[in-house]
Amino acid sequence: MSELLGIDVGGTGIKAAMVDSLKGEFITEKIKYPTPQPSTPDNVSEVLNQLVDDFGYRGKKIGCGFPSIIKDNVVHSASNIDDSWIGVDLGAYFQENVGSEVVVVNDADAAGVAEMQFGKGRGQSGTVLMLTLGTGIGSGLFRDGILVPNTELGHLTYKDSIWERYASNGARKKKHLSWKAWGKMLNKYINHVHFLFSPDLIILGGGVSKKYEIFEEYIDLTDIVTPAEMQNNAGIIGAAMMAL
Ligand code: BGC
């Protein structure tokens with residue numbers, strides 16, 4: 001059965017839709033709730049339970065993108081989610097608290113998988129970098145279509161902090177940056193990761209990818225940078241694909 005519930009847990013919102021994982025498309029409308037604050041396991045599970053009820057999907061397999069380093073379903077970092085998640089085995093935790101088998105992967109890896117198969121990365125060999133610009137910056141790195149998981153390129157250090165605190169869409173909003181100021185900052189970040197990895201293609205995801213034409217003029221590498229085809233839906237679709 002290729003129809004699965006895909007969930008994308010983000011620092012600001014939790015989004016879900018039923019996905020046809022073989023076609024890489026939504027088969028229902030998307031439902032979105034704000035990420036509860038604090039975003040503790042109990043509070044987030046409550047939202048997941050609500051989504052399972054909304055879609056009448058209890059007891060069936062779910063694919064979930066999560067904004068952390070995830071190895072074998074276990075959370076290893078918490079930048080935009082409550083620290084109490086660290087060390088939690090999400091498979092076991094959601095089985096107990098949501099009553100479903102939940103396959104959990106890093107959110108940017110999930111978005112990249114969807115874009116590689118059904119979006120802008122389709123048929124692209126060489127090195128492809130998916131960068132999701134949301135509350136933080138997530139990265140999905142692919143070599144000849146194969147994912148190198150958990151790359152965390154939003155956490156490269158910059159000044160006294162990390163790049164996602166300067167170039168994410170969250171930073172743009174928090175610091176009330178103009179499109180020009182943010183676009184130039186993002187450009188600097190993209191040039192930096194380009195220097196490190198020499199990607200053949202860089203796909204920009206996250207909600208702000210819809211607005212690419214507003215900040216494209218500040219980007220130098222427009223020949224290899226492109227907004228995601230699935231925009232902010234890639235994470236939901238990829239999570240369902242990876243669960244399948
Ligand atoms: C997290 C990543 C995540 C990204 C986007 C970062 O802060 O460390 O794991 O992919 O945010 O949500």
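Contact here means heavy atoms within 4.5 Å. Keep that in mind as you look around this predicted model, where local features need pLDDT of at least 70, side-chain atom pairs count only at pLDDT 80 or more, and totals for chains, interfaces and linings use all residues. Residues are numbered from 1 along each chain as its sequence is written, and side-chain values use heavy atoms, with hydrogens and water left out.

Start with the domains, whose bounds come from an automatic or database assignment. Select 3–108 + 234–243 for domain 1, then 122–228 for domain 2. Their C-alpha centres are 23 Å apart. At the interface, twelve residues of domain 1 are in contact with 13 residues of domain 2.

Zoom in on some polar contacts (N or O atom pairs within 3.5 Å). Asp 107 puts a polar side-chain atom 2.5 Å from a ligand oxygen, while for Asn 106 that distance is 3.0 Å. At Ser 68, look at the backbone instead: an N or O atom there is 3.3 Å from an oxygen of the ligand.

Terms used: Polar contact = N/O pair within 3.5 Å; in protein donor to acceptor, adjacent residues only side chain to side chain.
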